[in-house]
Amino acid sequence: MTNQPPANTTADAAKGKPLLMARGLTKRFGGVVALNELDLDLNVGEILGLIGPNGSGKTTFFNVTTGIYAPNGGTIEFDGRDLTGFSPQQVYHAGIARTFQRSRLSLPLSIFDNIMIGNHMRLTQGLWFNLMNRRAFRQEYEKSFETARALVKIFDPPLADRLDEPVAGLPMIDRRRIEICRALISQPKLLLLDEPSAGMTHDETAQLMDDILHVRGETDGLTIVIVEHEMGVIERITNRCVVLNFGSKIAEGTFSEISEDTEVKQAYLGIE
Amino acid sequence: MQDELKPTGKPLWQALIGAVLTTVYLILLLKVEEQSEVIGLLAGGAVLLLLLTKTGHLGGIGNTLHSREGALNLLVILGTLAIVGFFYEDHFTLLLIATVMLYVLATLGLNLQFGFAGVLNFAGASFFGIGAYTAAVLGAHTAVPSLLIILVGGVMAALIGCVLLLPVLRTRGHYAAVVTIAFALLFKTFLEVNDILGGPQGLQVPSMKVFGWDFNNNVALGDSVELSFYFSYIIVILLVLIAAFVLVRRVERSWIGLNLDALRLDETAASCFGLNIVRWKVTAFLLGNFLIGIAGALYGMVGGFVAPTSFTFADSLILVSIILLGGIGNVWGLIVAAAIVVIVPEKLQAIQEYRFLLFGGLVMMMLLFRPEGLLPRSVRRYFPGGAER
């Protein structure tokens, strides 16, 4: 597998070119238009909030971006490359990592194992290396273990000493943390967070957002797109928001700007 | 094993006593012929196991051995040698033990596919048969050395298994299982109508010969002791089994094992982290069939005879039920389950006829009340004992 060096600040950033550009992105499921000619720019280093009522196309945007669904039309450019029609594997290697709306950790596996799933591109995958060269494997394992421990420590120091425990026994907030660690371990350029607050209490959500901001401080201005229903979260951590309704962008701006927008109010409250 | 009482680790000498008792018990079970004695032994063993579990002894010993894997490996090998040594001239019992070991070898392969990668394979006996028929044909018509034939048996099983790759990769879950069932049925019919492969009568398999030594001769030690010819076969099988066991263990304790688990548990999430689903499914499927084929080739040589009736869909089901019974993904569970599934019906004549019914019932009970199997798989440890923590 390719061992790309981490590149958080790219050459394009200096020129002010967006990290991700979607143009005319369209995804249809039968008669339902989940994404309708969506144009979206994402600047390097920003935290973008993606909001909108249920079924407005937020998660579909993530799924199309990460290659789970192929778009019916439009293009996605990421970091100067055309990502349109890439497989999930290629998108991951290009430097985009994500979390899922419903936590998709592998519950019987240990915390360490779950994080290592996200580290796939940095682990040597050859049969000979893994099965016969146990000494070299052990070195890689020990190095990876320290990396994982250091990453988890940023979120929750006590959890860093429990990496060999199965994920199944952890409370929701720890599972979310592990999921974010799994996405971050490969040092992506872009992190997609799909409703990180789902299934958590208000306090836990606040705590998780602290963690995310903290980690972002440590990772040299990682670019993040966050889908979220909790407006408090959006207001607190995003630089900019994009509002979707029926797969189209209906508003864009800072949180205070979009919360004054009449079309946004209509979309959420259904006012004629 | 973690019931009400949280078992604490027991000293190693208790594990040692446990191993000696288990060995003696197995020798007794293999020795007795009288049906009432067999039933008594089985019932007694079950009650004793239950008692030891309730008092936490079994769990404690399990924990001790879990953390001292070298000791466990050694005890199992020594125990096996002791049992084989005890029955050194008893053809029938040694053949039974060899069969258990070959079932363990085959289910190790199946475990790679089903237990790790989640690829259902209901044609295990077919790949076993491919190995056995390879041994028969190559042994009879070529001068290929026996040890090489065993390897070729594995390679043939893996190669012919490629026929199934496309449908297995394109379908998921139950649909993939149906494809393998179809293969199992086709395979048996193919053997029955194929005259070159002996048709329904099957073929003779030439004995194993290593460096000019024919394995079908008994081994004389001095003047008074003569070892059964199965004895030499068992030593070879044991060596192959140890190698396969180490291989499967290493697969489990590497990034490859992690990849297989990841794709079994959540293909979509695994794809989003760069995992090449096709590559790892193919790896598990081919490697698994390779091991099953090797087991089949050895089986052919030990039995001296292959016929289509030995490789039916029902036999495939037995292999799968060993995995379900032992604990999906746990390599130790396979040994326990294979021993139960092979030895019990052989000793207990009364249930011979009904064994499929009983296995079916047993598997259903397991899935209902203890779906993780007799010995559930534990969290992966890459370097047990020695890893820095």
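Q: Which residue of β10(A) stands opposite V243(A)?
A: V243(A) faces A251(A). A word on the ground rules first: this is a predicted model, in which local features need pLDDT of at least 70 and side-chain atom pairs count only at pLDDT 80 or more, while totals for chains, interfaces and linings use all residues. Residues are numbered from 1 along each chain as its sequence is written, chains are lettered from A and ligands numbered from 1 in the order in which they are written, and side-chain values use heavy atoms, leaving out hydrogens and water.

Q: How do you know that strand β9 and strand β10 of chain A pair?
A: Strands pair if DSSP finds at least two bridges between them. Here β9 (residues 240-245) and β10 (residues 248-253) of chain A share five bridges in the antiparallel sense, so they qualify as a pair. Two residues lie between these strands in the hairpin, where F246(A) takes a positive phi near 50°. Strands themselves are DSSP runs (E, at least two residues; helices are H or I, at least four), numbered from the N terminus.

Q: What makes β2 and β5 of chain A edge strands?
A: The open antiparallel sheet of chain A has the order β2-β1-β4-β5. β2 (32-42) and β5 (81-82) each have a single partner strand, so one side of each is left without a neighbour in the sheet. The partner of β5(A) is β4 (residues 73-78) of chain A, joined to it by two bridges, with F78(A) opposite R81(A).

Q: Why is the crossing of α10(B) and α15(B) called oblique?
A: The axes of α10 (residues 229-252) and α15 (residues 331-347) of chain B come within 10 Å and cross at roughly 140°. Under 35 degrees would be roughly parallel, over 145 roughly antiparallel and 65 to 115 roughly perpendicular, with the rest oblique, so α10(B) is oblique to α15(B). The contact (heavy atoms within 4.5 Å) is made by F245(B), V248(B) and R249(B) from α10(B) with V331(B), W332(B) and I335(B) from α15(B).

Q: What makes the R104(A) and D266(B) side chains a salt bridge?
A: The rule asks for a side-chain nitrogen of Lys or Arg within 4 Å of a carboxyl oxygen of Asp or Glu. R104(A) and D266(B) meet at 2.7 Å, N to O, so the pair passes. Across the interface of chain A and chain B the rule finds two salt bridges.

Q: How many residues does each chain bring to the contact between chain A and chain B?
A: Chain A gives 41 residues and chain B gives 33.

How values were computed:
Axes fitted to C-alpha atoms, helices over the stretch in contact; angles between N-to-C directions.
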